[in-house]
Amino acid sequence: MRASRFMILLYASLVGVPILLYLRIISTFYGMYLVSTVLLALASLGLIVFGVIGFAEVYIHKRHVAEEVAMPLRMQIGRQVQERTGSGTKMIDIVVNRFDNENKAMRNEVYKVEADKNTTVLSALLDIRSKQDPTLAVRYSCRMGICGSCGMVINGKPSLACETNVFDKMADHEITVEPMYGHPLLKDLVTDFDDFFERHMSVDPGLYRHDKREKYGAKEPFKLSREDIDKFLPYSYCIMCGLCLDACPVVNSNPEFIGPQALSQVYRYHADKADQKGVKRLLEVDTLDGVWGCEFAGACSKVCPKGVDPAGAIQLLKGELMKDMAKKEEG
Ligand code: SF4
Ligand code: FES
């Protein structure tokens with residue numbers, strides 16, 4: 001529309017300006033200088049008006065075209081962002097296995113939850129608690145796999161609820177959530193960790209130094225090389241979530257077995273050059289309920305959300321004990 005108006009102006013100028021100039025020449029020829037000057041002024045004015053309006057028309061037209069191109073592009077980008085951020089939602093069933101106080105038995109309760117690509121099992125449970133059932137007990141704190149509070153059994157596997165995406169676990173639009181098996185039940189999905197912490201504390205999980213006052217005024221810093229640090233660092237990532245204990249078939253059949261988490265911490269401090277407890281630390285777990293109780297099922301390492309590999313740590317402890325035994329026999 002704007003382009004055709006521009007064309008009309010162009011044609012009018014192309015015809016009008018030469019006519020004005022031609023008339024101006026004629027009037028000069030006949031000595032009509034005033035008329036000639038007026039005609040020249042009109043021709044110049046026509047050229048200026050054409051220039052300004054034409055430029056403005058082209059500029060506006062260009063912007064209009066740019067808008068027409070940009071709009072669908074913007075809509076397409078918007079759709080892509082929407083897809084990536086997962087605003088598409090789905091209704092899913094969360095089946096919570098919880099204790100029924102009246103019948104004194106476990107029962108399944110099914111909740112419908114609207115989930116998108118970013119929904120974790122923990123966020124789904126919190127959604128249930130805030131909108132459908134405030135009595136549902138869930139323990140959590142950080143919501144980012146750091147505090148180790150939200151451990152539960154999700155579709156049969158001990159997992160952190162805050163690190164489990166619902167769609168990764170979906171089978172027939174249903175997710176089953178149970179309290180951990182290896183810890184006494186307190187309420188719904190919350191279990192008692194007293195026994196777990198006692199096991200942990202029983203192995204003296206901390207650096208042992210002969211000089212007890214050293215920590216209040218060390219004469220010089222204790223230096224560790226990168227290699228020294230790498231020996232114990234993977235085992236220091238434990239967040240004490242208790243999932244390994246829950247998955248361990250030995251703990252579940254022999255409660256006296258100290259368990260993978262505590263044993264992995266024995267190795268963590270034994271492998272630390274700064275620790276001075278030496279072989280004493282090893283001998284404390286040189287028992288059938290200690291390292292020798294492990295049957296190397298490996299389930300603990302498979303479920304560990306921090307890649308601690310307690311099963312590997314226990315085998316390394318066994319190796320250290322055997323080295324010590326060999327040394328003693330030689331001596
Ligand atoms: S070793 Fe892994 S699974 Fe076991 S308590 Fe530590 S972080 Fe959790
Ligand atoms: S809430 Fe902290 S680890 Fe899940």
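How many other C-beta atoms lie within 10 Å of asparagine 155, and is this residue exposed, partly exposed or buried? Asparagine 155 has 17 other C-beta atoms within 10 Å and is therefore partly exposed, since that class falls between the limit of 12 or fewer for exposed residues and that of 20 or more for buried ones. The model discussed here is a predicted one. The protein contains eleven helices and seven strands, and 27% of its 331 residues are buried.

**Overall organisation**

- Among the contacts with a separation of 6 or more, 64% are made by residues 24 or more positions apart.
- The largest nonpolar core has 57 residues, and those touching the most other members are Val121, Ala161, Leu263 and Leu317.
- This core lies between domain 2 (90-191) and domain 3 (194-212 + 223-330), because both domains give residues to it.
- Leucine 317 touches Leu263, Val266, Tyr267, Leu282, Val285 and Val291, when residues up to four places away in sequence are left out of the count.

- Helix 8 is mostly covered, with eleven of its eleven residues buried.
- The buried residues of helix 8 include Pro260, Leu263, Val266, Tyr267 and His270.

**The shell around ligand 1**

- Ligand 1 is surrounded by 14 residues, of which the closest are Cys238, Cys241, Cys244, Cys304 and Val308.
- Ten residues of this shell are nonpolar, three are polar and one is charged.
- Helix 6 (243-247) and helix 8 (260-270) each contribute at least two residues to the shell.

**Strand pairing**

- Strand 1 (residues 90-100) and strand 5 (residues 174-178) run parallel and are joined by four bridges. Aspartate 93 has glutamate 174 of strand 5 as its bridge partner.
- Strand 3 (residues 151-154) runs antiparallel to strand 5, with two bridges between them. Here valine 153 stands opposite glutamate 178 of strand 5.
- Strand 3 is also antiparallel to strand 4 (residues 157-160), and four bridges join these two strands. The bridge partner of glycine 151 is leucine 160 in strand 4.

**Loop residues**

- Most residues other than glycine have a negative phi.
- Asparagine 155, by contrast, has a positive phi near 45° and is not a glycine. Asparagine 155 belongs to the hairpin of strand 3 and strand 4, in which two residues lie between the strands.
- Phenylalanine 296 likewise has a positive phi, of about 55°, although it is not a glycine. Phenylalanine 296 is located in the loop between helix 9 and helix 10.
- With 12 other C-beta atoms within 10 Å, phenylalanine 296 is exposed, because a residue counts as exposed at 12 or fewer.
- Glycine 206 lies in the loop between helix 4 and helix 5. Glycine 206 is exposed, with 11 other C-beta atoms within 10 Å.
- The C-alpha atoms of glycine 206 and aspartate 275 are 8.4 Å apart, although 69 residues separate the two along the chain.

Technical notes. Residues numbered from 1 in each chain as written. Chains lettered and ligands numbered in written order. Predicted model: local features only at pLDDT ≥ 70, side-chain atom pairs only at ≥ 80, totals over all residues. Near = placed C-beta within 6 Å. Nonpolar A, V, L, I, M, F, W, Y, C, P; charged D, E, K, R; others polar. Core = buried A, V, L, I, M, F, W, Y, C linked by C-beta atoms within 7 Å. Domains from an automatic or database assignment. Contact = placed C-beta atoms within 7 Å. Pairing = 2+ DSSP bridges.
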